[in-house]
There are 2 protein chains.
Amino acid sequence: MKKGKQIHISRSDIEGMEKIKRLNLINHITGYKSANLIGTKSKQGYLNLSIVSSVVHLSSAPALIGFIQRPTTVPRHTYTNVVETGVFTLNHVHEGLTDKAHYTSAKFDIKDSEFEHSGLKEEYLDGFPAPFVMESKVKLAVRYLSTYEISESQTLFVVGSIESIYIQNSAMKANGQLDLTAVGTVAISGLNNYHRVDQLASYAYARPGAFPTNLLQTINMPDFVK
Amino acid sequence: MKKGKQIHISRSDIEGMEKIKRLNLINHITGYKSANLIGTKSKQGYLNLSIVSSVVHLSSAPALIGFIQRPTTVPRHTYTNVVETGVFTLNHVHEGLTDKAHYTSAKFDIKDSEFEHSGLKEEYLDGFPAPFVMESKVKLAVRYLSTYEISESQTLFVVGSIESIYIQNSAMKANGQLDLTAVGTVAISGLNNYHRVDQLASYAYARPGAFPTNLLQTINMPDFVK
């Protein structure tokens with residue numbers, strides 16, 4: 001149903017949609033998503049690498065992250081390895097790596113290494129048992145903590161604690177912020193679109209009475225304007 | 001501890017960090033985040049609008065989303081209204097709206113409307129009781145379903161079902177995918193950085209044996225190359 005330049009899609013419209021169209025729509029509707037590769041090694045020693053777009057920040061103290069485990073889109077191998085070994089890595093996807101990263105979503109056999117198939121290189125750092133992606137410029141060693149079953153969607157919310165962070169120097173700022181554009185970290189939309197990201201605006205912590213001004217523009221202004 | 005061009009930050013380094021630096025680091029470390037405004041109205045009729053960067057897709061059938069409720073960064077007013085009224089809206093943040101959107105994160109009094117303070121306009125669509133952001137080009141009417149308490153982080157995972165979607169025509173593709181770059185939806189990094197997003201690559205559903213090729217480049221190739 002159209003309404004001027006705006007399309008209205010009701011709940012019954014969504015339910016009546018052809019499956020792929022609905023998958024596309026609902027996977028796009030929340031906006032841009034993070035792009036990470038989860039690296040694991042099974043108890044038997046088989047390597048696994050899987051792209052995931054649902055990693056979210058949970059808290060800073062303790063430093064925790066979570067991700068959604070969807071049986072249909074993330075291979076079950078990853079989750080099995082996470083629970084059985086208690087460890088995994090998260091590795092940012094950057095420009096130039098998107099084709100290899102996307103290839104890890106293909107349904108390879110459990111004995112097949114997505115590192116080998118994609119051409120991404122495994123790496124081990126400081127004795128952590130799960131494999132990192134050598135090409136990645138922001139990497140996390142994560143310890144598995146627990147799983148929450150989201151009964152309404154039959155998905156799992158997996159919680160892990162950050163044990164180590166590896167960051168390429170050029171991305172790290174003195175105040176702890178990361179310049180993700182400096183290392184070309186990409187964003188994802190839907191199930192198969194990868195995006196270049198540029199800086200647009202940076203604001204101070206917002207307080208009532210002080211409407212935000214873009215600090216990036218202030219910095220770029222000539223001195224006599226400041 | 002440095003390791004060539006790569007900085008290693010251990011768990012004890014993180015725990016020993018000054019609070020703001022740690023907040024910045026861990027809020028950046030998962031990569032880019034979605035940018036949405038949550039619109040609610042309290043039982044008493046007070047309007048509330050709050051930026052949130054943790055909205056994630058949960059499932060397509062049923063069409064469900066979730067977001068992380070962090071007591072320190074998202075005003076409690078929003079969550080109270082969500083639970084008490086059972087409804088809320090999600091509205092994409094676009095280029096040109098980031099200053100107003102960021103201003104909603106200031107700690108206004110519960111009786112103050114962030115719509116009024118930020119200058120964003122409230123809008124009501126098809127009888128849904130929660131307020132939408134008129135300027136937004138991708139809007140969701142969401143019904144509250146349940147809350148999962150993530151005990152490790154003392155945060156809440158809030159689950160809702162999509163009741164209606166409103167999309168500007170120009171973003172909607174025939175296959176259900178959205179061209180979020182056409183409407184200038186932004187991405188967030190950390191707590192205060194907003195980003196312009198461009199198309200980089202689009203791939204078909206990945207299958208073993210078929211290494212992904214960028215469909216955007218294929219489309220842009222002259223006919224004699226294809």
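I began with E15(B), which forms a salt bridge (a side-chain nitrogen of Lys or Arg within 4 Å of a carboxyl oxygen of Asp or Glu) with R11(B), the closest N and O atoms being 3.2 Å apart. Both residues lie in helix α1 (residues 11-16) of chain B, four residues apart, about one turn of the helix. Helices (H or I, at least four residues) and strands (E, at least two) are DSSP runs, numbered from the N terminus.

I noted the source: this is a predicted model, where local features need pLDDT of at least 70, side-chain atom pairs count only at pLDDT 80 or more, and totals for chains, interfaces and linings use all residues. Residues are numbered from 1 along each chain as its sequence is written, chains are lettered from A and ligands numbered from 1 in the order in which they are written, and side-chain values use heavy atoms, with hydrogens and water left out.

I looked up accessibility (buried is under 20% relative accessible area, exposed over 50%, partly exposed in between; 1.4 Å probe, protein chains only). E15(B) is exposed at 53%, and R11(B) is partly exposed at 36%.

Next I checked E123(B) and K139(B), whose side chains meet in a salt bridge at 2.9 Å, N to O. E123(B) is in strand β9 and K139(B) in strand β11 of chain B, so the pair ties together parts 16 residues apart in sequence. E123(B) is buried at 15%, and K139(B) is buried at 1%.

Last, I found a network of salt bridges linking R11(A), E15(A), R143(B) and E163(B). I recorded 12 salt bridges over all chains.
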